[in-house]
Amino acid sequence: MSAGAGEVEQHSTAVTVIGPETGVRLPDLAEIWAYRDLLYYLVRRDFLVRYKQSLVGLLWAVLQPIGFTVVFSVFLGALANVPSQHGIPYPLFALAGLAMWLFFSKALQSGAESTVNSADLLSKIYFPRVLIPLSALLAATVDFLVALVVVVVALFVYGRPPGPEILALPAVIVLAMLVAFGGALWFSALFVRYRDIRHLLAFVLLAGMFVTPIVYPFELVPHGLQPLYALNPLVGVLELYRWALFGTLSASVTVLLIPFAVGIVTVVTGALYFRASEGTFADVI
């Protein structure tokens, strides 16, 4: 209806006021879902930037685990006679473990650096900040799924086709993502304020490659040290992962439950700390 003489036409406009939060809160899942389109573009950005101007692009997701498998198969499998698990051919055993480790290390490292690398975006627009480390995790997951295809093909090449346990593989992947995301939340928030966190993370990843049964079986660890060793959540993740692929299992139920507990605790506490710190990201970065 047109406004008559002397009348003022009024329009109602929805206004959203963004103010400081009080108390300790977890990220708003409904808000994250509302920004799912932005999450898609952040994942796409992370994925494209990683392989921009690269020689072989996505093939690096295949070449990396294969290249490491060749190296470890020669030096550990052939020269040092490191055994595999339950008669699994050593190259196949190592390839599977390396694919999972490369996913975890890439997700943790890219997630830790994601907030600092997105400084321009953080200082210009509002969106749930947790989308940034989450997008880094999902981009690393795409690489892992490509490498996983190579692992499954290798299973058939070596005459060990997967059994019905393979149906549990998606749940194991989600568990690995949970553990990686918990660490990424902590490191990404800490990295904004303390830039030497990168040195700590580099040490953690380097040490983790030796104290995780990636290229050797868990049963090779002395029995007395296994309870302490199993506190590393990736031990349980890898045991479940190899069970899904090969149908073999060496660890106890307690070892298998540790990554569930660690993953939940680190994600919840990491999300709380990330949410409490995100208000200062734009100022500190």
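I am working with a predicted model.

**Entry 1, the helix pair.** I looked up α4 (residues 90-117) and α7 (residues 169-193), and found that their axes come within 7 Å and cross at roughly 30°. Angles under 35 degrees count as roughly parallel, so I put α4 and α7 down as roughly parallel to each other. The crossing of α4 past α7 is right-handed.

On the α4 side I listed contact residues including Met100, Phe103, Phe104, Ala107 and Leu108. On the α7 side, Ala176, Met177, Gly183 and Phe187 are among them. Sorting the residues of this contact gave me 15 nonpolar, five polar and one charged.

Next I checked the largest nonpolar core, which has 81 residues; Phe103 and Tyr241 touch the most other members. The elements giving two or more residues to this core include α2 (36-50), α6 (131-157), α7 and α11 (253-277). I noted that α4 gives the most, with 16 residues.

Which residues does phenylalanine 103 contact, leaving aside neighbours within four places in sequence? I found Leu137, Ala140, Thr141, Phe144, Ala176 and Met177.

I counted 12 helices and zero strands. Of the 285 residues, 45% count as buried. Lastly, I took contacts between residues at least 6 apart in sequence: 79% of them join residues at least 24 apart.

Methods. Residues are numbered from 1 along each chain as its sequence is written. This is a predicted model: local features need pLDDT of at least 70, side-chain atom pairs count only at pLDDT 80 or more; totals for chains, interfaces and linings use all residues. Side-chain values use heavy atoms; hydrogens and water are left out. Axes are lines fitted to C-alpha atoms, for helices over the stretch in contact, and angles run from 0 to 180 degrees between N-to-C directions. Helices (H or I, at least four residues) and strands (E, at least two) are DSSP runs, numbered from the N terminus. Angles under 35 degrees count as roughly parallel, over 145 as roughly antiparallel, 65 to 115 as roughly perpendicular and the rest as oblique. A crossing is left-handed if the near helix is turned anticlockwise from the far one by less than a right angle, and right-handed if clockwise. Contact means heavy atoms within 4.5 Å. Ala, Val, Leu, Ile, Met, Phe, Trp, Tyr, Cys and Pro count as nonpolar, Asp, Glu, Lys and Arg as charged, and the others, Gly among them, as polar. A nonpolar core is a set of buried Ala, Val, Leu, Ile, Met, Phe, Trp, Tyr and Cys residues joined through side-chain atoms within 4.5 Å. Buried means under 20% relative accessible area, exposed over 50%, partly exposed in between (1.4 Å probe, protein chains only).
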